[in-house]
Amino acid sequence: MGKQRKRFWPTLLAIAILLTQLGITFPAPAKAAEGFVIRSNSMTVEATGIYASQTKNVTLPAAEVTNATATTDNGTVTVARNNNQVTLSLSGGNPTSFTNGTVTLTDNGNTSNSGTASKVIAGLYDVTSKTSTNGTVTTTVSGDTLTVNWTGGSSYQVRVPPYTETRTNTTYQNYSHYAQRFEIYGCYKNELGSYTCSYRTTNYSYDSNCNLQSSSNSGTYGIYFPESMNYSTTSGSISCSKPVTTTETVDVYNYESRWDYSATIGYRTATYVYKTVIQYDFKDYAPQAPTLTAPQDLSDGGTITFSKSSDDYTPQNELLVSLEWQQEGSSTWNPVFTDKKITDSIFTLSGSNVNYHWDGAGVNGMVKLRLVTKDGYNQPVYSYVNGDPDTMFRMSHKPEITQVSPISGSQANTVTPKYTWNYLQDEGEGQKGFYLQVRKVGETTLSLDTGFVNSTSNEYQHPTSSPLDWGTAYEWRIQPLSETGVLGDWTGWQAFGANSIPELENVTTVSTDTLHVKTKPTPDTTGYKFYRFGTEIHDGTELEINDTGLPSNTEQFYNVRAYNAVAQSPLSASKSAYTLAATPEFESVETTATSITVKLKQVNPQYTYHEVEYRKKGETNWLPMGSGSSLLYIQNGVEKDTTYEIRVRAFNGMTDPNGTPTDYVQTEATTKVDPPTGAVFSNITEDSFTITIDPNGNSATTKYRFWIEGVTDKTELSPYNCVKTASL
């Protein structure tokens, strides 16, 4: 926008001159037009590349270029320009340096005694050497392309598989076996006192495919052999031979000549350097006029603030600024400071603004102010407060305020406090009114902004329609206005607190279903609301309550809120406690000979911590069986047929053995026995015997029960038969 305005004014003046020459007149402008000057500069550009012809695009460091020319130290240069965008076309130069390189090119497997290969090499200039491993090599260069050609040289033979052939191979598989097998079996004693036996004869042979075949005949005959006699024998032999034929396919090769070529080529690439100087002319506009702000009451001095000016070419820190004042009714501008850079020690910088404190010494009455900005080339530009050169400033004393209540660090103990102060003006001017603001500490958004209050009173009551937030830190300030209209400075921010947020003193455990909740008192409070997990459970004036009907061993979280007739506080911070755990109960106690399994009923939440112990009945020391949130505990390695006492207790809290324990609950169980082993009979008579057993780990007090089953047979047997039976 600023640059467009700068170009517009000269054009408008030219039109005005033309119209004046035609006899048309215009009133003089109230403000001088902003303009520009034509300046010249140069820029050195270096273009480096691997080709003689190069194009270089350059952006000149100027916004509006009016002319540009160029000269180069190598070859020729032409210039094309679009405003500050310049294109340099460079050509005809000589290489300024070379870079050597080598490349290996190959062409293998040729069926004739010649070959060729090529490669593109950026910036290729010429070939410096060539070495071939076979034959004669020649090279050509065309642009960036290197081409290599070979002729002659030695060849080698290569097998070429033109066809395949199938071949057959026959071998023989031989077999052999005995020709006959004779067997005797199943002999027994007949009535005549001799023995009768069975026999079987088996004959073997091969068929035409060498498969073994057999035929048998059998019968009986008498023989004087023991009845336990079994007998077999073989005789003769047979054999068979079977042919096995296999086939395979093999390659049959021919041979032909081949030529392989490889050459190492030395080459050079060129580098062209063009050093070019561009001479150009450009428009340099006057700097932008900074914005200027200042308090219109400068009776006690004040801060003059102006924005950092911007210029198209002069650096911001090199621009010169001057501040001048003019007495009301005078035409003379008087210096406050002259031709200062914003880096001067009289200024303080704040972001994009520059601040200067003017004490106004020696200046009275009403004055005007202006800021003068120069870039060293153009005419100065002027800045006025709000852009109005007729703005007046008062050079007289301001009224002062001393805050009385609430003062820094105090507790208002109400959400609608009364603000009080003392007013002073050393020239005796009374208070016409004031501005008052309140905000939360650490924030910029105002909680209360009265605007101008037309009142001579030195106090202000915070409106009940917009109370402060309970338990929050606030700060307030005030700015007075005198009877003659002189506005005083804002006071500093005075911090204070509204009603404090209540605080829970403690939450304590009473029983398995009751917790006791107690809060600390807060001022200016008519009641308290108690909350469990965000749900209100009690509203009243009490500072402590019992919360009943709760599940056992559960953690309950509580908050409290205070209130009065005007407002209520935010919720306090949370506190919590666990109810007591319920006394555990046994669901079952099962035993084996070597283990005890205890299962508890779930009478508390799953995370409840249990402690289970056991001991032999009659002993004094308890041993740990297990602990944790499980309901199942197993103790292995106990003794058989032994009575044990088991006890368990629970703790409140989350799997925490440091909570409050319940009373123990106790029971007992007896382990089982294992059957005895290794029964041995001894001392056997007609009417008695002794049995000895292995107790198999059972205790010394284990009792056993025996069942005896017997068979009595007194039938006399002949000695022959007995002996016969015994021998069998």
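This is a predicted model: local features need pLDDT of at least 70, side-chain atom pairs count only at pLDDT 80 or more; totals for chains, interfaces and linings use all residues.
Is Glu-64 buried or exposed? Glu-64 counts as buried, at 15% relative accessibility. The cut-off for buried is under 20%.

Glu-64 forms a salt bridge with Lys-283. The closest N and O atoms are 3.7 Å apart. Glu-64 sits in the loop between strand 2 (54-59) and strand 3 (65-72). Lys-283 is in strand 16, residues 238-285. That pair links distant parts of the chain, 219 residues apart. Lys-283 is partly exposed, with a relative accessible area of 22%.

Next pair. Glu-324 forms a salt bridge with Arg-370, and here the closest N and O atoms are 2.7 Å apart. Glu-324 belongs to strand 19, residues 320-327, and Arg-370 to strand 23, residues 365-374. The two are 46 residues apart. Glu-324 is buried at 17% relative accessibility. Arg-370 is buried too, at 14%.

Stay on strand 23. Lys-374 lies there, and Asp-339 lies in strand 20, residues 334-340, so their pair ties together parts 35 residues apart in sequence. The bridge between Lys-374 and Asp-339 has its closest N and O atoms 3.3 Å apart. Lys-374 counts as partly exposed, at 29% relative accessibility. Asp-339 is partly exposed as well, at 34%.

Now a network. Arg-181, Glu-183 and Arg-200 are linked by salt bridges.

How many salt bridges does a search of the whole structure find? The count is 23. The general idea is simple: side chains of opposite charge can pair when their charged atoms come close.

How values were computed:
Residues are numbered from 1 along each chain as its sequence is written. Side-chain values use heavy atoms; hydrogens and water are left out. A salt bridge is a side-chain nitrogen of Lys or Arg within 4 Å of a carboxyl oxygen of Asp or Glu. Helices (H or I, at least four residues) and strands (E, at least two) are DSSP runs, numbered from the N terminus. Buried means under 20% relative accessible area, exposed over 50%, partly exposed in between (1.4 Å probe, protein chains only).
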